[in-house]
Amino acid sequence: MASNGNNHVSTKPPPEPSPLRKAKFFQANMRILVTGGAGFIGSHLVDKLMQNEKNEVIVVDNYFTGSKDNLKQWIGHPRFELIRHDVTEPLLIEVDQIYHLACPASPIFYKYNPVKTIKTNVIGTLNMLGLAKRTGARILLTSTSEVYGDPLMHPQDETYWGNVNPIGVRSCYDEGKRVAETLMFDYHRQHGIEIRIARIFNTYGPRMNIDDGRVVSNFIAQAIRDEALTVQLPGTQTRSFCYVSDMVDGLMRLMEGDNTGPINIGNPGEFTMLELAENVKELINPEVKIITVENTPDDPQQRKPDITKAKELLGWEPKVKLRDGLPLMEEDFRGRLGISRKK
Ligand SMILES: NC(=O)c1ccc[n+]([C@@H]2O[C@H](COP(=O)([O-])OP(=O)(O)OC[C@H]3O[C@@H](n4cnc5c(N)ncnc54)[C@H](O)[C@@H]3O)[C@@H](O)[C@H]2O)c1
Ligand SMILES: O=C(O)[C@H]1O[C@H](OP(=O)(O)OP(=O)(O)OC[C@H]2O[C@@H](n3ccc(=O)[nH]c3=O)[C@H](O)[C@@H]2O)[C@H](O)[C@@H](O)[C@@H]1O
């Protein structure tokens, strides 16, 4: 008998293949793409999608306002993939569903490079619709209450066509999202693509960029840092704030349901910016000052979603009240800022 001169017989079992190798043979029920998944809402959506063991989740993001930090719990997971990619460039992958969120959302970021914001909304959405067409995937667009502009109808329901300045400093975002909605419906009518459109109203929660400039993140960071809360004039303008877990629930119901939308997803509790500041002061730092500062052009003066359609068609309504959501966000901001509550 041929021998290699080594008579030692190992009793050790052969090594287990690595989880990554196993993943090669894993048959997902659903491969889901989340564009903008490294951002605030996107990363919470990824957390929820990953809870289903039959889902494989792919995130593409260019990290303009998002961060790998938001996804750190999933990096290396066999059912998760993260790709640095700008949606203004075509993407060739195989997917079953697309949640298309990629777009800067805070006014300071979307105004920073308005041409890029339009390209992201128009060319980015075209590219994702092209991907949906080639793969037969269902695609959901996160549109915005800003398609109603400075609304003359209150509260806003989905039949309202809006009051948008087409040449103002916010137009890159507002008009960009309006064209994105148009593209979604044209692909639906012309190519039979399965589309879903969510019109999201102001959403807040943990993982917002600390200095992202939106009002809830500004006020919470200011209250924690003992800085005055900056209410932009007149202070009587209103917004309706939805906690991020409610938002993610609404988006997933819309994706799984039979309705194209557009459907408003937001919390109808309406607050003036002065009332929001007073709530933050009372809950987070009663010593802090509230000051008024200049506003920016075309700021919508009132906003409140009519969510009748979401209730009837999705069986959805928000659960978390503003006064319950703010402390959850405070905890996250304190952790990241390294400032604990005074005794
Ligand atoms: N948060 C809200 O109140 C709100 C309200 C209405 C609509 N929306 C919409 O929801 C989506 C997510 O908003 P968010 O609050 O999580 O914002 P966010 O800025 O935290 O997330 C956006 C993500 O998109 C990425 N991105 C931007 N441009 C990209 C590009 N060209 N290619 C690839 N990735 C790109 C960013 O890096 C970021 O990770 C956006 O489409 C926004 O318009 C948000
Ligand atoms: O919900 C939406 O559809 C849109 O809402 C926001 O846009 P906006 O409501 O202007 O968001 P903020 O920048 O948070 O401003 C809200 C209000 O707070 C005021 N504000 C903002 C910041 C601040 O420090 N103080 C302050 O009073 C603004 O003047 C404005 O009236 C989002 O940032 C958009 O991405 C989103 O699409």
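Student: What makes Arg 214 a polar contact of ligand 1?

Tutor: In this predicted model, a polar side-chain atom of Arg 214 is 2.9 Å from a nitrogen atom of ligand 1. The cut-off for a pair of N or O atoms is 3.5 Å, and 2.9 Å is within it, so this counts as a polar contact.

Student: Which polar side-chain atom lies 2.8 Å from an oxygen atom of ligand 1?

Tutor: That one belongs to Lys 177. The backbone takes part too: an N or O atom of Val 87's backbone is 3.0 Å from a nitrogen atom of ligand 1.

Student: How much of the accessible area of ligand 1 does the protein cover?

Tutor: On its own, ligand 1 has 820 Å² of accessible area, and the protein covers 97% of that. Around this ligand there are 29 residues, the closest being Asp 61, Thr 65, Leu 101, Tyr 173 and Thr 203. By type, the shell holds 13 nonpolar, twelve polar and four charged residues.

Student: Which element gives the most to the shell around ligand 1?

Tutor: Strand E5 does, with three residues. Helix H2 (40-50) and H5 also supply at least two residues each.

Student: Let's turn to ligand 2. What makes Asn 295 a polar contact of ligand 2?

Tutor: A polar side-chain atom of Asn 295 is 3.3 Å from an oxygen atom of ligand 2. The limit is 3.5 Å, so the pair at 3.3 Å qualifies. For Asn 218, a polar side-chain atom is 2.8 Å from an oxygen atom of the ligand, and a polar backbone atom of Val 215 is 2.7 Å from an oxygen atom of ligand 2.

Student: What share of ligand 2 does the protein bury?

Tutor: It buries 95% of the 710 Å² that ligand 2 exposes when taken alone. Helix H6 (215-224) and strand E8 (229-232) are the elements that give two or more residues to its shell. The shell has 25 residues, with Ala 105, Thr 144, Ser 145, Thr 230 and Arg 239 the closest. They divide into nine nonpolar, ten polar and six charged.

Student: How do you know what kind of aromatic pair Phe 64 and Phe 109 form?

Tutor: Here the centres are 6.0 Å apart and the planes are at 75°. Since 6.0 Å is within 6.5 Å and 75° is over 60 degrees, the pair is edge-to-face. Phe 64 lies in the loop between strand E2 (55-61) and strand E3 (80-84), and Phe 109 in helix H3 (residues 107-112), so the pair joins parts 45 residues apart in sequence. Ring pairs also link Phe 64, Phe 109 and Tyr 112 into a cluster.

Student: Why is Phe 64 called partly exposed?

Tutor: Its relative accessible area is 37%. Buried needs under 20% and exposed over 50%, so a residue at 37% falls in between and is partly exposed.

Student: Is Arg 207 buried or exposed, and how do you know?

Tutor: At 18% relative accessibility it is under the 20% cut-off, so Arg 207 counts as buried. This residue, in the loop between E7 and H6, has a positive phi of about 80° although it is not a glycine. Met 208 is in the loop between strand E7 (203-204) and H6 as well; its relative accessible area is 1%, so Met 208 is also buried.

Conventions: Residues numbered from 1 in each chain as written. Chains lettered and ligands numbered in written order. Predicted model: local features only at pLDDT ≥ 70, side-chain atom pairs only at ≥ 80, totals over all residues. Heavy atoms only, no water. Near = heavy atom within 4 Å. Polar contact = N/O pair within 3.5 Å; in protein donor to acceptor, adjacent residues only side chain to side chain. Areas by Shrake-Rupley, 256 points an atom, 1.4 Å probe, with all protein chains shown as cover. Helix = DSSP H or I, 4+ residues; strand = E, 2+ residues; numbered from the N terminus. Nonpolar A, V, L, I, M, F, W, Y, C, P; charged D, E, K, R; others polar. Phe/Tyr/Trp six-rings, centres within 6.5 Å; stacked < 30°, edge-to-face > 60°. Buried < 20%, exposed > 50% of the residue type's maximum accessible area, 1.4 Å probe, protein only.
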